[in-house]
Every structure is written in C-alpha cells, then in structure tokens.
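Work through the following exercises with the sequence and the model in view. Try each task before reading its solution.

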Amino acid sequence: ECIECGEPFNGRADARFSSGACRSAHHNKSNIGHREELQRTHAILKKNRKILATLNKTGTARVKKSLLLTEGFNFNYMTNMFTTSKGKVYKYCYDQGYLDSAEDYLTLVVKIDYVR
C-alpha cells in the first residue's frame, strides 16, 4: 500500500509510494514547517536589504543605528560577513552591507563584486 494515499500498487519490494505525485505530496506535508521557517527568514532578509538600499542611495552612507531600528531592521539576520585584514567586520544582507562605526553610527556600503 502507498503510505500517502493508502492504495495498493505494484512495484519494487521497497517502494513506499504508488506515484511521483504521492511521493511529492508526502514530502511536502512533512517539510511544511521547514518551508515556513525559510519563508519567514527570507522575508526578514529581504526587508533588511530593502532598508539598507533605501538609506544608501550613493553606495556609501553614514546613518544612526537607531534609524535602522525605527525602520524595522533586524540585526540578528544577515547573509554573510567579511572581516578585513585590519579586523573590521562588514555584515551583509545580499549586496547591501554595513560596518559598525563609532558610537551609534553605521557606515552603509554596497558590495558590487558579491552580485557577480
């Protein structure tokens, strides 16, 4: 019997599904929690990138950290980090990034070669 639809079927002795559609339906049901979590994470990353891009029209900008927080930026989510030879850590949401500067300021940057 198919473990998804319950119908009997002929096939290999170790087959668990009667068709590709049943196999897909079963795996979609079992992975729905992971998919929803990935969608939530991607939505946060997209929002973070949009905020950075909106505030950084020229390629580099200096803004208060509190402004990003006011816009809804979530500092817990980023796609990657880059540490320079001098120890500066740039944090990125896709191609848009920032560097913690002195006090409550951030330097916003765009990493062009990241897109290629």
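Helices (H or I, at least four residues) and strands (E, at least two) are DSSP runs, numbered from the N terminus, and two strands pair if DSSP finds at least two bridges between them. The model is predicted, so that local features need pLDDT of at least 70 and side-chain atom pairs count only at pLDDT 80 or more, while totals for chains, interfaces and linings use all residues. Residues are numbered from 1 along each chain as its sequence is written, and side-chain values use heavy atoms, with hydrogens and water left out.

**Exercise 1. The chain as a whole**

Task: Find how many helices and strands the chain has, and describe its overall dimensions.

Solution. Begin with a count of the elements, which gives four helices and five strands. Then turn to the dimensions: along its principal axes the C-alpha trace spans about 70 × 30 × 20 Å. The radius of gyration (taken over C-alpha atoms) can be set beside a globule rule, which is 2.2 Å times the number of residues to the power 0.38. For 116 residues a compact globule would have a value near 13 Å, whereas this chain has 23 Å. Finally, consider burial, where buried means under 20% relative accessible area, exposed over 50%, and partly exposed in between (1.4 Å probe, protein chains only). By this rule 21% of the 116 residues count as buried.

**Exercise 2. Pairing from strand 2 to strand 5**

Task: Work out how strand 4 pairs with strand 3 and with strand 5, and then trace the pairing of strand 3 with strand 2.

Solution. Start at strand 4, which comprises residues 96-100 and is mostly covered, with four of its five residues buried. On one side, strand 4 pairs with strand 3 (residues 89-93) in the antiparallel sense over four bridges. Two partners to locate here are Cys 93, which stands opposite Gln 96, and Tyr 92, whose bridge partner in strand 4 is Gly 97. Strand 4 is also joined to strand 5 (residues 105-110) by five bridges, and these two strands run antiparallel; Leu 99 stands opposite Thr 107 in strand 5. Now go back to strand 3, which pairs with strand 2 (residues 80-83) in the antiparallel sense over four bridges, and look for Phe 82, whose bridge partner in strand 3 is Tyr 90.

**Exercise 3. The turns of the hairpins**

Task: For each hairpin, which residue takes a positive phi?

Solution. Strand 4 and strand 5 form a hairpin with four residues between them, in whose turn Glu 103 has a positive phi of about 55 degrees. As background, most residues other than glycine have a negative phi. Tyr 94 has its positive phi although it is not a glycine, and with a relative accessible area of 25% it is partly exposed.

**Exercise 4. Surroundings of single residues**

Task: Decide whether Val 109 is buried or exposed, do likewise for Arg 40, and list the contacts of Lys 111.

Solution. Val 109 lies in strand 5, and because its relative accessible area is 11%, Val 109 is classed as buried. Contact means heavy atoms within 4.5 Å. Leaving aside neighbours within four places in sequence, the contacts of Val 109 include Asn 56, Gly 59, Tyr 90 and Gly 97. Arg 40, by comparison, has its place in helix 2 (residues 32-55), and because its relative accessible area is 51%, Arg 40 counts as exposed. From Arg 40 to Tyr 98, 58 residues apart in sequence, the C-alpha to C-alpha distance is 22 Å. Leaving aside neighbours within four places in sequence, Lys 111 is in contact with Phe 82, Tyr 92 and Asp 95. The C-alpha atoms of Lys 111 and Cys 22 are 44 Å apart, with 89 residues separating the two along the chain.
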